[in-house]
Amino acid sequence: MTSFYTKINTPDWVKNAVFYQIFPDRFARSVPTHENWLLDVPLEDWNNPPTFHGYKGGNLWGVIENLDYLQYLGINAIYLNPIFASASNHRYHTLDYYQVDPLLGGEEAFTSLLKAAHNRSIKIVLDGTFNHASRGFYFFNDVIENGQNSPWLDWFKIQGWPLSPYDESLPANYDSWNGIRALPELNTNNPTVREYIMRVAEYWIELGADGWRLDSADYIKTPGFWQEFRERIKAINPEAYIVGEIPLYASEWLDGTQFDGVSSLPFLNATTAFVVGDRQVKGHFAEYAPPPPADAAKYGEEINQLLQLYPWEIQLTQLNGINNHDTARLIDVAGGDRPSLYLATLLLFTFPGAPCIYYGDEVGLNGGYDPECRKGFPDKKQWDQDILEYHRQLIKLRLSHPALRIGEYHTLYAQGQVYIFARRLETEILLIAVNAGNEIAMASIQPSWQNQLKQTLFTYHSSQENWTKEAEFINFKLPPRSGLIIG
């Protein structure tokens with residue numbers, strides 16, 4: 001084995017994690033007595049459709065109140081969208097990296113959340129936006145006020161004068177993320193900016209956060225930046241999780257010196273094309289057309305290409321999901337087709353890497369393009385209990401079988417709309433079969449270990465009767481739109 005592989009070390013807890021992504025403004029709201037001033041803040045009605053700029057007032061106190069629910073679901077890690085002071089409901093416009101947004105409950109709520117979560121063995125991963133800040137960020141505001149006399153001039157990528165952070169009819173004269181004036185880019189080539197970001201990242205890990213999800217990580221091109229970030233974070237907590245948002249393929253960041261994993265789209269795209277197929281009424285993004293349907297052979301090809309891209313130690317700490325805060329929810333992409341949600345979820349929880357549930361998916365919350373995908377978490381009377389129990393049982397199964405978390409992945413059959421694979425760890429073997437088609441499908445495989453399979457562990461629209469053993473063969477008769485797990 002080459003030195004390239006031996007130097008890779010990723011957090012063991014992530015390999016056994018089931019993540020829950022929380023968009024703080026929309027998950028839950030609670031106001032302690034000593035925070036009564038929050039009751040007087042004007043907010044959008046929780047149950048009305050979300051808007052781009054409106055606040056619904058979800059906060060970290062609300063997350064604390066729902067930790068028992070998350071524990072009941074089987075969650076052992078939470079990924080929080082940004083929590084720092086910001087002039088936006090999504091808080092990717094950072095005003096102050098050292099202050100938890102007062103509307104979320106401030107640092108008191110955050111430290112209380114850390115304590116309550118850690119008491120339940122639930123990890124907390126924060127979302128850091130270090131490529132860009134807000135035009136209200138103190139250092140940028142100083143540049144706006146003092147122009148070329150500002151001591152913070154070189155903290156940003158100024159192209160000319162005067163700056164125009166608000167008037168769209170004039171040139172902005174500074175670089176901003178995707179040309180959005182509200183998001184001036186930080187000059188990470190400046191050593192003082194770099195040191196500032198490193199200290200921010202260290203501060204929250206020292207306070208007790210369990211890792212960083214790094215927004216728009218591929219936009220930071222400064223040589224050595226992410227290597228230094230990793231070294232300094234791991235020096236504080238070697239088990240801290242560092243996961244970058246990289247839209248597609250990320251080999252250059254996954255060499256063991258930068259990120260432990262990435263949150264990306266290849267698994268989401270391949271799984272959607274296979275299980276949703278021609279039922280797609282929209283792409284996950286407004287600017288994308290629905291991808292062409294994929295049969296099982298195409299799905300197997302794409303999944304195995306993905307699994308060969310990175311070292312296995314990295315594959316086990318990827319952050320995988322079937323949608324997130326930037327995408328239309330899968331149930332909407334599929335035009336309301338429930339089997340698409342069920343089958344995609346089954347494939348998510350049997351795939352290498354840490355599965356991540358986007359808040360509300362587990363109770364059937366729908367939502368189209370931003371801001372619709374950021375609805376308020378529904379009242380309990382609106383929960384789809386069948387979808388909730390489906391998630392709960394899959395999580396329980398994953399947590400009870402190491403092979404589903406860290407076992408090898410072997411594609412065994414990929415024809416028509418039937419995809420069959422195994423997860424194998426030493427003597428434990430689990431077999432997963434999915435029929436994404438509309439017709440009953442027959443399949444037969446001949447593994448050398450077929451006698452080790454004893455019973456059906458989990459089913460969706462199928463049963464123990466849908467597979468049989470005959471001599472050295474396992475034969476399947478799979479109902480339409482069905483899946484099962486055998487162990």
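How many disulfides does the count come to?

Author: The model is predicted, and in it the count comes to zero disulfides. Cys-356 is in no disulfide, and the nearest cysteine sulfur, that of Cys-373, is 14 Å away. A disulfide needs two cysteine sulfur atoms within 2.5 Å. The sulfur of Cys-373 has its closest cysteine sulfur in Cys-356, and because these are 14 Å apart, they are too far for a bond. Cys-356 counts as buried, since its relative accessibility is 7%. Cys-373 is buried too, with a relative accessible area of 0%; buried here means under 20%.

Now the tyrosines. Tyr-419 belongs to strand β12, which covers residues 418-425. With a relative accessibility of 0%, Tyr-419 counts as buried. Its side chain makes a polar contact of 2.9 Å with the side chain of Tyr-409, and another polar contact, of 2.7 Å, links the side chains of Tyr-419 and Thr-411. Asn-435 is 16 residues from Tyr-419 along the chain, and the C-alpha atoms of these two residues are separated by 6.6 Å.

Tyr-249 sits in the loop between β7 (241-245) and β8 (261-263). Tyr-249 is exposed because its relative accessible area is 52%, and the cut-off for exposed is over 50%. Together with Leu-248 and Leu-309, Tyr-249 makes a nonpolar surface patch of about 290 Å².

Methods:
Residues numbered from 1 in each chain as written. Predicted model: local features only at pLDDT ≥ 70, side-chain atom pairs only at ≥ 80, totals over all residues. Heavy atoms only, no water. Patch = residues over 30% accessible without salt bridge, like charges linked within 9 Å, V, L, I, M, F, W, Y side chains within 5 Å. Areas by Shrake-Rupley, 256 points an atom, 1.4 Å probe, with all protein chains shown as cover. Salt bridge = Lys/Arg side-chain N within 4 Å of Asp/Glu carboxyl O. Helix = DSSP H or I, 4+ residues; strand = E, 2+ residues; numbered from the N terminus. Buried < 20%, exposed > 50% of the residue type's maximum accessible area, 1.4 Å probe, protein only. Polar contact = N/O pair within 3.5 Å; in protein donor to acceptor, adjacent residues only side chain to side chain.
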